[in-house]
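Me: I have a model open beside its sequence, and I would like to learn how to read its features one at a time. Could you take me through them?

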Amino acid sequence: MEFTLIIAVVIALAVGVVLVGFLDRRPAPPKGTYKEVRDPDDPGRGGTAVLEREPEVVEPEAEPEPEVVEPEAEPEPEVERPEAAGSRLQRLRARLLKSNNVFGKSLLALLSRDRIDEDVWDEVEETLLMADLGTEPTMELVDRLRDRVKVEGTQDPEQVRSLLREELLAMVDPSMDRRLEASRKGDRPAITMVVGVNGVGKTTTVGKLARVLVAEDRKVVLGAADTFRAAAAEQLATWGARVGVDTVRSDKDGADPASVAYEAVAEGIRQEADVVLVDTAGRLQNKANLMDELGKIKRVIEKQGEVDEVLLVLDATTGQNGLTQAKVFAEVVDVTGIVLTKLDGTAKGGIVVAIQRQLGVPVKLVGLGEGADDLAPFSAEGFVDALLAD
């Protein structure tokens with residue numbers, strides 16, 4: 001009996017060892033976090049405790065921060081160095097030769113004939129009138145030439161050219177003061193208004209004038225007071241940027257031009273500029289309200305300082321019509337100088353004399369073409385020599 005009991009115990013131990021080995025070979029539960037819960041279906045008290053795996057919390061991968069790309073700095077616009085103004089009038093001779101001007105060809109041909117009679121003088125007179133010299137200056141020039149040719153009794157082309165040059169130069173009047181007011185006046189800059197009718201190239205002239213002054217090492221501020229033409233302010237600002245000149249403009253189309261002009265002068269004072277150039281809207285000389293507004297701009301500017309220069313831009317190809325425009329503008333603002341554009345494209349160089357006689361003010365600048373540096377200070381001697389060039 002005891003032996004049987006021992007055998008049973010040995011067998012039980014062997015079975016236990018085998019069972020434990022089997023349980024140890026079961027796969028381990030997956031890694032993770034577990035919690036103890038009770039099975040409600042178990043009949044035992046409180047249910048059977050089992051381990052239940054908690055869901056694994058997966059942290060989302062952090063999104064990579066977007067790469068910050070620094071915008072490339074825009075290259076600063078290259079500032080141009082304008083051509084020296086003194087050399088520009090030299091090009092006028094070639095330009096006038098191409099325009100077939102009557103002084104260099106027709107007039108000299110007439111005065112170089114073997115015999116100069118009254119018929120020739122009549123042709124000379126007609127030629128001068130066609131050149132827009134004007135009636136009174138034409139009669140004056142013909143009388144002087146007739147007397148000198150008769151006294152000196154010459155038909156030599158060179159002598160006739162010399163006589164004609166002397167008389168033309170006297171009419172163009174080299175004694176007129178053609179200097180531009182472009183130097184500081186005490187604690188403020190010189191102030192220049194630029195006026196004229198539509199279509200004469202006024203805004204372009206202001207931009208070219210800025211180049212003339214920059215070439216003379218003047219510090220310039222531009223005022224875009226032409227607020228009626230949408231592209232005028234942008235056009236002027238482009239001209240200024242090319243030579244490193246600031247432009248005062250309004251962000252609103254149709255803004256008060258007098259206000260813009262006032263701000264331009266104020267900016268010129270802040271920058272201690274040498275000169276402020278104020279571009280105004282092109283006005284028709286028969287529009288009274290627009291002409292009155294031009295007077296208003298001048299009055300508003302003068303709350304900060306006197307307007308030192310009023311330049312009237314005229315198209316040389318319009319001839320005598322330019323005289324009518326000049327008269328009306330002179331009644332509204334005190335014109336101090338004339339800018340003649342497109343002088344290279346006309347055979348009517350006599351308009352220089354006619355306008356000076358009409359207004360009593362000098363031609364100060366002339367336009368020689370479409371190039372950026374084709375605006376030149378006017379020289380009486382250079383102009384007459386260009387008219388009579390071969």
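Me: How many helices and strands does the protein have?

Reply: This is a predicted model, and in it the protein has 13 helices and 10 strands. Of the 390 residues in the protein, 44% are buried, while the exposed surface comes to about 21400 Å², with carbon and sulfur atoms supplying 51% of it.

Me: What share of the contacts with a separation of 6 or more comes from residues 24 or more positions apart?

Reply: A contact is counted when heavy atoms lie within 4.5 Å. In this protein, residues 24 or more positions apart account for 74% of the contacts with a separation of 6 or more.

Me: How many salt bridges does the structure hold?

Reply: A salt bridge calls for a side-chain nitrogen of Lys or Arg within 4 Å of a carboxyl oxygen of Asp or Glu. The structure holds 23 salt bridges, one of which joins the side chains of Arg 179 and Asp 177, at 2.9 Å from N to O.

Me: Are Arg 211 and Asp 373 buried or exposed?

Reply: Arg 211 and Asp 373 form a salt bridge, with their closest N and O atoms 2.9 Å apart. This pair links distant parts of the chain, 162 residues apart, since Arg 211 belongs to helix H7 (residues 202-215) and Asp 373 to the loop between strand S9 (363-367) and strand S10 (375-377). Both Arg 211 and Asp 373 are buried.

Me: Which residue forms a salt bridge with Arg 249?

Reply: Arg 249 pairs with Glu 234, the closest N and O atoms being 3.2 Å apart. Here Glu 234 sits in helix H8 (residues 232-242) and Arg 249 in the loop between strand S5 (246-248) and helix H9 (257-270), 15 residues apart. Arg 249 is partly exposed because its relative accessibility is 37%, and Glu 234 is partly exposed with a relative accessible area of 45%.

Me: Which residues do salt bridges that share partners join into one network?

Reply: That network consists of Glu 140, Arg 144, Arg 148, Glu 152, Glu 166, Glu 167 and Arg 357.

Notes. Residues are numbered from 1 along each chain as its sequence is written. This is a predicted model: local features need pLDDT of at least 70, side-chain atom pairs count only at pLDDT 80 or more; totals for chains, interfaces and linings use all residues. Side-chain values use heavy atoms; hydrogens and water are left out. Helices (H or I, at least four residues) and strands (E, at least two) are DSSP runs, numbered from the N terminus. Buried means under 20% relative accessible area, exposed over 50%, partly exposed in between (1.4 Å probe, protein chains only). Accessible areas come from the Shrake-Rupley method with a 1.4 Å probe; for residues, only the protein chains shown count as cover.
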